[in-house]
2 protein chains.
Amino acid sequence: MTPAFMPVGTNGTVKALRNEDIEKLNYRLILGNAYHLYLRPGTDIIKNSRGLHNFMSWKYNILTDSGGFQVFSLAHFRKIEDQGIYFRSHIDGSYHRLTPEKVIEIQSIIGSDILMPLDVCTPPDCSREQARDAVLTTTRWAEQSLQTWKEKVQYESHVFGIIQGNFYKDLREISAEGLCSLDFPGYAIGGLSVGETPGVYADILAHTAGLLPPEKPRYLMGVGTPDYILEAVQNGIDLFDCVYPTRIARNAMAFTWSGTLSLRKESLKTDNGPIDEECGCYTCSHFSRAYLRHLFRAREINAAVFTTYHNLYFMQQFIEEIRKSIADKSFLPFKKDFLLKYKSKK
Amino acid sequence: MTPAFMPVGTNGTVKALRNEDIEKLNYRLILGNAYHLYLRPGTDIIKNSRGLHNFMSWKYNILTDSGGFQVFSLAHFRKIEDQGIYFRSHIDGSYHRLTPEKVIEIQSIIGSDILMPLDVCTPPDCSREQARDAVLTTTRWAEQSLQTWKEKVQYESHVFGIIQGNFYKDLREISAEGLCSLDFPGYAIGGLSVGETPGVYADILAHTAGLLPPEKPRYLMGVGTPDYILEAVQNGIDLFDCVYPTRIARNAMAFTWSGTLSLRKESLKTDNGPIDEECGCYTCSHFSRAYLRHLFRAREINAAVFTTYHNLYFMQQFIEEIRKSIADKSFLPFKKDFLLKYKSKK
């Protein structure tokens, strides 16, 4: 059922929630990070536990990111080579080399249902030449990844292609053309929502989405704010992942239908109302804003637990409203009304 | 149903668990700290929420500690005066004065089901004279507390007397005599498990318990290790509280029937077994030692959540086994067998 949002479980757990919460919230696909899991606990330990599903006791689907983005954003040192990426771990500074083949192998040990090929990410201010090299390498690695998957991965799974190309439309075209010719069962768009203006985001997103085969699933990587999701759904995006709902929750920021709310605000100290009057989640049914503010001030673990639950509940409701509006052919008015209200408090 | 263990919810939440967990684990009485709640969020906020039960959404019973021990152990500065205690907050250094009357008032705003009177705690190495002064003050304050409770607390609740007297048996006698003459509905024993040897603990405990009326509930404050609980049950103690099971859980230490287990141990890294083969808790039914070790290493919130759940499940099972053994008149063999196994790994 799409569109769908994937909660992020970087280290083999969705931070602060239990699998039964995630299941109850109707999420059936979560994201793991091959980069993190490869570094810690390591593939030996995951293999010894017969894969990540078993290790973390999650019976539904897992998509794993390849690590291309994490090496780009987290590693202390990285060097893109023809055959792969050489980098230092952000955890202990140890040196590692990831190749397209090895990254597929790692994800097959993890037992991912959807595997992502190793890609080359570029900074927002990168030169056209650098961005073009990244696209060419990403395409070449995608082909090698698909080949490795075909030869070595025995269980039922899928590999998606990742379109790169920075903010250069012609490079996005080159990337899409190269990957589409490889006939992946689904396509991801990388390199957006990395600090560009909303206008550039919308422009490159629309351009890139237009290059993809309409019958195949489209996954916009790392996007998770409501406004960006709406923009993307309008461009036919099916799948999203982002740490946003869970990370802001740990920082005391809660979704409401009229915008985000900081649970640290002094004005909430005697506020006996729920985070959002319209919300029917566990947190809103049991706890007041005043209580949640108290838990954050007292640095209680449950502050993160309750707020994360609320934010992932909100996100699922939001996605379900989108689905309904699509079914009703009322997506555009829904989008307009939602944004009017969501941005009203800002 | 006694004996019973009270999970500690210092700040109006049992750390890392939800009320529904606590309820499912068959705990019906938890402990809150008047000292902490008075300082943060403060009585105004709790009053505005119509008491702690409502604030934290807990429908069963709450016992609150008076703050005597917290002022003694946490405050940056304290001065025992005739009328009360003058101290500086451990949170922000602000100055406060607590009197017996005020402490009852605070707990009545909290809405505690069992209130504890303000007491004077003494260090293990304290002189006889200092300990005697503390006992006399504690007894005087207990009388004032009871009087305040009778005059001002309208809802159904109970106030317990707290026996002090350090490690001086004659002072324990003076304390018990003074408090028993006030006819409290229950008696607490304070000042034990504060660093003394097990022999001194057992000796003073037995002596003090022997001074209490057999028909009234006996609460041993701050005791929570299995061996100390067994010793206390043998002396007719009914009620316990301790941060031990929840605090050690956050530090990766789990109960097992053959002793505590550090979940950080290198040797667990490929251990696919549960924390304890004999345990039927949620954590042990879903997660391996290897996985929990991974969560602790990755500093995941769920490491604390899952281990706390296990430890409070274990504690409840342990207490239920004690109850059964009492009903079966097999407490002493149970105690012996339990300790033999529990200490076998140490």
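Guide: Two residues are counted as in contact when their C-beta atoms, placed from the backbone, lie within 7 Å. Please keep in mind that the model before us is predicted.

Visitor: How many residues of domain 1 of chain A are in contact with domain 2 of chain A?

Guide: The domain assignment gives chain A a domain 1 that covers 4-242 and a domain 2 that covers 248-342, and their C-alpha centres lie 28 Å apart. Between them, 15 residues of domain 1 of chain A are in contact with 16 residues of domain 2 of chain A. On the domain 1 side, strand S1 (4-6) and helix H10 (226-234) of chain A are the elements that give two or more residues, and the largest share, 5 residues, comes from H10(A). That side of domain 1 of chain A divides into 10 nonpolar, 2 polar and 3 charged residues.

Visitor: Which helix of chain B gives the most to the side that touches chain A?

Guide: The contact between the chains takes 29 residues from chain B and 29 residues from chain A. Among the elements of chain B that each supply at least two residues are helix H3 (43-48) and helix H13 (289-297), and H13(B) gives the most, with 5 residues. This side of chain B divides into 12 nonpolar, 12 polar and 5 charged residues.

Visitor: What should the 27 residues of helix H14 of chain B span?

Guide: An α-helix has 3.6 residues a turn, so residues three or four places apart point the same way. At 1.5 Å a residue, helix H14 (residues 301-327) of chain B should span 39 Å, and this agrees with its end C-alpha atoms, which are 39 Å apart. H14(B) is followed by Lys329(B), whose phi is positive, near 55°.

Terms used:
Residues numbered from 1 in each chain as written. Chains lettered and ligands numbered in written order. Predicted model: local features only at pLDDT ≥ 70, side-chain atom pairs only at ≥ 80, totals over all residues. Helix = DSSP H or I, 4+ residues; strand = E, 2+ residues; numbered from the N terminus. Expected span 1.5 Å × (residues − 1). Domains from an automatic or database assignment. Nonpolar A, V, L, I, M, F, W, Y, C, P; charged D, E, K, R; others polar.
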